[in-house]
Amino acid sequence: MAILDAGIRLSPPQAGDRGPQALVVLILCAALLLMMIIASLTVGASGTSLLQALFTWASGEQIGLREKVILFDIRAPRTLLGALVGASLAVSGAVMQGLFRNPLADPGLVGVSAGAGLGAILAIVLGGLLPAGIAAVAGMYTIPIAAFLGGWASTLLLYRIATRKGRTSVAVMLLAGIALGALTGAIAGVLVYIADDNQLRDLTFWGLGSLAGATWTKLLVAGPLMILALSTMPFLARGLDALTLGEATAWHLGIPVQRMKNIAILTVACATGASVAVSGGIGFVGIVVPHLLRLTIGPSHKFLLPISALLGAAFLLAADMVSRVIVAPSELPIGIITATIGGPFFLFVLLRSRGVLDI
Amino acid sequence: MNTLFRAILMATAVAPLSTMAFAEDRIVSVGGSITEIIFALGEENRLVARDTTSSFPPIAEDLPDVGYMRALSPEGVLSVNPTLIIAEDGSGPLETVQVLESAEIPFITIPDGFDRTAVSNKIQSVAEALGVPEKGTALAMDVDAQLAALDTHVDDPARVMFILSVQGGRIMASGTNTAADGIIQLAGGTNAVTGFEGYKPLTDEAVTLAAPEVIVMMIRDGDHSIADTALWAHPAIATTPAAQTQSLVRIDGLLLLGFGPRTPEAAETLHAAIYGQN
């Protein structure tokens with residue numbers, strides 16, 4: 001398995017270095033993302049196209065209100081949010097796989113998904129019980145806010161459980177995460193039980209994920225959190241590379257292991273929490289994208305993290321375009337599309353790593 | 001040749017006239033009962049799209065589907081270029097409604113309810129949204145008169161249980177304050193399950209305790225519902241009076257629970273099915 005031999009690469013460039021290859025992939029992925037952004041602004045259930053609108057505008061004519069709303073209020077925030085969510089999920093996945101030294105790790109391991117899910121269910125089922133004042137301020141953003149807080153709360157709890165005498169054990173975190181997942185699952189079960197028919201439908205749709213609810217407000221609140229999280233990548237890259245040799249060796253190589261873990265966990269909680277809050281449950285981006293890249297550019301995080309961001313963004317935009325045109329004028333939840341691609345890929349990764357992991 | 005020419009001329013002259021009255025009108029109907037009302041009002045030629053729950057009359061399914069009523073996508077709805085959206089209570093989400101508002105497309109929500117007055121109010125509200133209040137009054141009065149004329153009163157109402165689904169042996173039944181509860185009362189029955197509001201799974205003991213004399217279920221497309229024999233074999237159901245007489249009624253879901261123009265028909269059908277054998 002590629003991940004396990006990463007340590008060799010800590011020395012200066014030598015035969016087998018995939019740096020130049022990675023650079024090419026980086027440029028290709030950047031170009032792909034740019035194409036996807038333009039396509040995402042152009043493709044949709046309505047015939048409205050960006051180019052046509054620009055042409056109309058250039059020829060001095062007025063753009064119709066409908067076109068303006070579709071391009072500016074629907075597609076623009078949706079495209080930007082989709083790119084940020086895709087990048088966040090893919091990078092979070094890559095960071096988790098590096099931190100846990102496990103190819104099947106994903107952001108769910110730090111408890112953020114379970115917590116965010118519970119927050120969302122609480123808001124959907126018990127949202128009506130909020131005091132009128134709070135309900136009026138939060139309004140339609142009650143669910144995203146609750147999901148984000150839930151994600152954070154559960155990550156912090158898990159972090160406290162796994163940290164003893166200033167050292168965080170990833171193994172304890174992994175196991176405690178399973179216990180906490182079972183507990184949040186049970187609470188969610190109680191809420192599902194008392195939910196009415198409409199709330200059940202809302203829960204189902206939330207769980208399948210969608211970017212259809214993208215608004216500028218959501219983008220302005222969640223966007224900075226995701227960008228902040230993504231900006232820690234350069235610091236994490238070197239640490240994660242060293243960590244492939246084991247924690248003790250990484251420490252002897254001069255990596256501040258504990259500080260790096262803190263940043264990695266908080267980064268993932270932040271990026272994933274914000275993503276899940278604005279788009280619901282979108283699975284498998286964090287698995288598919290990093291593994292696809294490791295197969296071509298190797299495991300060095302210096303390239304893996306930024307290219308994961310680019311490819312994750314492009315992948316989610318492509319999936320979103322499928323979701324909005326495949327059953328137009330209706331819409332297929334995006335989680336279905338990412339899982340349809342991700343499920344078989346996950347199996348492929350599992351089968352491929354079976355020999356190495358001896359499972 | 002001359003006749004043919006005149007026929008073509010007539011056709012081209014008349015055709016635009018018939019559609020001209022509402023040439024600018026492009027309506028999206030969201031919610032099965034709303035669509036039914038629009039068809040009953042004879043205003044269906046103004047519709048350009050419907051939601052997934054709108055399946056009656058069958059011809060409505062020829063219209064483009066903009067998705068499930070509670071998960072509408074803003075661009076999907078805008079893509080059919082609507083001038084008005086008429087939606088059942090609870091349609092959304094709010095983000096979509098707000099985008100449609102910013103596109104200056106009116107989004108009218110019709111209040112819901114599960115009794116005789118609610119049906120009239122619903123019809124009236126839809127007709128007003130369409131700008132045909134007189135037609136609405138006429139239809140509402142007609143439906144209300146049909147409901148008033150229903151002879152469903154019985155001195156000893158049967159205990160009726162509405163079962164939404166049986167999944168993995170769990171009985172999902174209707175409590176109070178639901179469309180199922182409303183139609184059972186209109187049909188002259190009494191809901192056997194009154195301990196809670198909405199649809200909830202019942203424990204086997206609660207089923208026995210509710211002791212329904214008749215069980216009502218929906219007929220669904222591509223029938224996923226439980227077979228009769230399997231239902232009577234269910235350990236809890238087997239203890240009920242309904243099982244002894246094998247009293248099971250299956251009715252189309254939208255007809256039964258829609259609370260629209262077909263509600264009198266639904267109440268009558270259900271009444272006949274409950275008491276018919278006596």
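Q: Where is the place of P93(B) in chain B?
A: Helices (H or I, at least four residues) and strands (E, at least two) are DSSP runs, numbered from the N terminus. P93(B) is in the loop between β3 (84-88) and α4 of chain B. The model is predicted, so that local features need pLDDT of at least 70 and side-chain atom pairs count only at pLDDT 80 or more, while totals for chains, interfaces and linings use all residues. Residues are numbered from 1 along each chain as its sequence is written, and chains are lettered from A and ligands numbered from 1 in the order in which they are written.

Q: Which peptide bonds of chain B are cis?
A: Most peptide bonds are trans, and most residues other than glycine have a negative phi. In chain B, the bond from G92(B) to P93(B) is cis, with omega near 5°. The bond from F56(B) to P57(B) is also cis, with omega near -10°; P57(B) lies in the loop between β2 (47-50) and α3 of chain B.

Q: What is phi in K165(A), and is this residue buried or exposed?
A: A residue is buried if 20 or more other C-beta atoms, placed from the backbone, lie within 10 Å of its own C-beta, exposed if 12 or fewer, and partly exposed in between. K165(A) is not a glycine, yet has a positive phi of about 50°. Its place is in the loop between β1 (163-164) and β2 (167-168) of chain A, and K165(A) is exposed, with 4 other C-beta atoms within 10 Å. In chain B, Q246(B) has a positive phi near 50°, in the loop between α10 (241-245) and β10 (248-252). Q246(B) is exposed, with 12 other C-beta atoms within 10 Å.

Q: How many residues of chain B are in contact with chain A?
A: Two residues are in contact if their C-beta atoms, placed from the backbone, lie within 7 Å. Here 25 residues of chain B contact 24 residues of chain A. The elements giving two or more residues to this side of chain B are α3 (74-79) and α4 (94-102); α3(B) gives the most, with six residues.

Q: At what angle do α3 and α13 of chain A pack?
A: Axes are lines fitted to C-alpha atoms, for helices over the stretch in contact, and angles run from 0 to 180 degrees between N-to-C directions. Angles under 35 degrees count as roughly parallel, over 145 as roughly antiparallel, 65 to 115 as roughly perpendicular and the rest as oblique. Helix α3 (residues 65-99) and helix α13 (residues 285-297) of chain A pack at about 70°, with axes 7 Å apart; they are therefore roughly perpendicular. Among the residues that meet are G86(A) and L89(A) in α3(A), and V285(A) and V289(A) in α13(A).

Q: How do α13(A) and α14(A) pack, by angle and axis separation?
A: Helix α14 (residues 301-325) of chain A packs with α13(A) at an angle of about 125°, their axes 9 Å apart. The two helices are therefore oblique to each other. Residues in this contact include L293(A) and I297(A) of α13(A), which meet a set in α14(A) that includes F303(A) and L304(A).

Q: What share of the residues in chain A is buried?
A: Buried residues make up 50% of the 359 residues in chain A. Chain A has 15 helices and two strands, and its C-alpha trace spans about 65 × 50 × 35 Å along its principal axes.
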